Amino acid sequence: MPASSAPAPALPAEPPRRRLPRLPLPGLLGLAVILFWLATALFGPWLLSPEANAPGADEVFGRLGAAHPLGTDYLGRDILARLVLGAGYTVGVAIVATLLASAGGTALALLAAVRGGWADGTLSRLMDTLISIPSKLFALIMVAAFGSSVTLLALTAALIYVPGVFRIARSLAVNINAMDYVAVARSRGEGELYIMRHEILPNMLGPMLADLGLRFVYVVLLLAGLSFLGLGVQPPEADWGSLVRENLGGLPEGAPAVIVPALAIASLTIAVNLLIDNLPGRGER
Amino acid sequence: MSAAPPSSAPAQAAPGQGAAVAVRGLRIAAKGASGEHTIVHGLDFDIAPGEVLALIGESGSGKTTTALALMGYARQGCRIVGGSVRIGDIDVLGLDAAAQRRLRGRTVAYIAQSAAASFNPSRTLMDQVVEPALIHRLMSRDEAERRAVALFRELALPRPDSIGQRYPHQVSGGQLQRLMAAMALISDPALVILDEPTTALDVTTQIEVLRAFRRVVRERGTSAVYVTHDLAVVAQMADRILVLRHGAARELGDTRQIIEAPADDYTRSLLAAAHPAPRAGGPAADATATPLLSVRGLAAGYGPRGADGMPAVPILADIDLTVRRGQAIGVIGESGSGKTTLARVVAGLVAPARGEVLLDGALLPPTLARRSKDQLRRIQIVFQIADTALNPAHTVERILARPLQLYHGLSGAALQARIARLLDLVQLPSAVAGRLPGGLSGGQKQRINLARALAAEPDLILADEVTSALDTVVGAAVLDLMAELRRELGLSYLFISHDLNTVRAVCDEVVVLYAGRKVESVPRERAGVAEGMATGSAARHPYFDLLARSVPELRLGWLDETAAREAQQPAGARAAGCCVFLDRCPVRLAGVCDSLPPPRRSLPGGGEILCHRAEVPAARA
């Protein structure tokens, strides 16, 4: 050790620089798009006239124009307005469901990995049981039992994706649980919660975030699928998935009504993945 | 790109003959965070046909990078930026990618450090050994197999005719390393690159592999480059040595000159680190006081317990051990001997199946959950690989702060001051506190690993191979530090290692484990190489004797002097509970060793031994 390396001043030697998340450009772009859609979902509806869901008098499957910037749908309604109203469902329900699924699955996986044995076996078999029920069928049962509502949709989508998250998180956590630093923490007398939260979780965050991005796409697709079956968001309300579905008739005409919501879904999912892939500390692993 | 038609191999040396290698002004750059920087700075060296040149240096000295460049290969993120490499008449760096591929495995062969990672587990060994010859279309499969069997024989592999039918997991690590040599030599390369081929092996295996390598290299007259950090190994293998540091040549000379009369300061420091000097211990332990740690009749293992309370995979059996206050006890044995399991049992990570562990005379509960916080604090474990022992997501400050908060309830300024003192104690600048382990060097990480254990203010530190992953010079510094801390803080160590030199340098007593049994314990003074059965000065267990003799010595001709161990046939029938070393023992007694459990006897002058032999010479005398 060169003794000249530092004159070792009194502590702290270096001002504790709180690392601001310095995002690379693609990450910033992703963040911007997500914030844009969030803002749209939150504040957009106030800027619209209350009759946005009522059938319009205008042309069906209209082109882009001054009156309707993004064209009109199969009932002549303004697509822009429909998109803004749908943003709440897609962004809200999909994000809530994804976060719930990821948080729940990860927490259960950590518990299974750290406690092992009996708890691990029970949780793993329970998840296997859940995964063996076809997701659409499961959603059908849920809707039949409790009736369709936005809360139920979010919970159902979360429940459907918990086992998948659990599987991935558990396999990561089991590997990390075998690391020496976890053994050191155990032999230091740390509790399970500390080991789960401080020793294991930070080291599996990267892959879990990547998984979150992927799950988000699945949830959006699942919600669209449910809407298609008439089990999702009920008309006249519509999430983006249902917008694509209900305007499918415009596809032969190349109507913007079908392309615009699809582009909106694409922009949101790409943005979520851009942001997650560029979060600080992800590149090194 | 090149004018030479490489497919016709113009410079392919005659089979079994090495080529001259000339390297001029070799420069290699690596891409870093701040653009490209040079990691090998203009090396010049030559290798005469049939000569073995050793590249020696610490990790990061560029020795592997240089060796790979001889094949025209640069690792991911690296680039050969200048200079020339000539093998025979071939200008390696002037060839295009396809021609370089034709060169590799044929004119230049590479033997990697970890054979286990280099073999495909799902194909037979023969399939893989003949592969280079088939890829380069040098010979038919039948001819290649005949040649492979001949090579197996040359390399002293057991059952050379049938070993090729096995899969990689069915042979030992030492055999795999020799099979990899066969794979490299099958195409009669003009130059062989051996990259730390024995570093991952136990010393008793290493000596056999070294002997096999040297014989084939000498007999074939192949030119070779031997990359290693171990000077004692180099002294046996190389004709000339090139000492590298930070990608630049420090010294190039004959092996004898480098070993006996090094001209460069850095070479001298490497040589000094290879001769570990005994570190002074603390004041002599009081033999009458209650021992700090005592282990009695311990058995442990992994897997579910059977009806008799023994685990499915027993590792340790019948271990007795005493550590007195201020003492350092070395535990030595080959991989799989149960050294690490012993440390884990003492630390409470593995519950013992039988026997007991006492701390200061008080029984320690078998599992962590039942140990008190104070009992946990007093025993700290330091793991071998600092990379996995330090949480990569925590800063150094946080790593050190946790035990201080947990055991001593420190916070605020007192905590900060204590962290700074700990960093000072392990001789690190306080600026590292804010860094993550990923930003530290191997030696620095190991110091943090040690500092975390010290933070608990323990009485006993279980040090599991703490210097094995480090370079010799860095490892020596860590050993010095540990010896110093022992004097200053009155710590006791249970020092686990596979390296007899290291253990001898720091420990008061050496305990030898073999197959989970304690076969011998000797005081430090009697753990020397020159003693033992051969001189008759003291009884020594045949395994310890083998171990001591297998540690390479830093002088020329050691490998030749050390007689090859005659291949021992495994003993036939045996009684349950007989000696565990029976199959490998060169001095076993038929009718005794295979039928009776060996007795445990105390030796005059301290120590114990578990062997029938120990009493036989005495009976004869």
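What follows is a short talk about a helix pair and a domain contact.

Guide: This is a predicted model, where local features need pLDDT of at least 70, side-chain atom pairs count only at pLDDT 80 or more, and totals for chains, interfaces and linings use all residues. Residues are numbered from 1 along each chain as its sequence is written, while chains are lettered from A and ligands numbered from 1 in the order in which they are written.

Visitor: Why are α1(A) and α9(A) called oblique to each other?
Guide: Helix α1 (residues 25-43) and helix α9 (residues 256-277) of chain A pack at about 135°. Angles under 35 degrees count as roughly parallel, over 145 as roughly antiparallel, 65 to 115 as roughly perpendicular and the rest as oblique. The pair is therefore oblique.

Visitor: Where does the "transmembrane region" label come from?
Guide: It comes from an unreviewed UniProt entry, and covers residues 27-48, 89-114, 212-234 and 254-276 of chain A. Such annotations may be inferred rather than shown by experiment. In the model, residues 89-114 of chain A are 100% helix, and residues 254-276 of chain A are 91% helix.

Visitor: How many residues join domain 2 of chain B to domain 3 of chain B by contact?
Guide: Seven residues of domain 2 of chain B are in contact with nine of domain 3 of chain B.

Key:
Axes are lines fitted to C-alpha atoms, for helices over the stretch in contact, and angles run from 0 to 180 degrees between N-to-C directions. Helices (H or I, at least four residues) and strands (E, at least two) are DSSP runs, numbered from the N terminus. Two residues are in contact if their C-beta atoms, placed from the backbone, lie within 7 Å.
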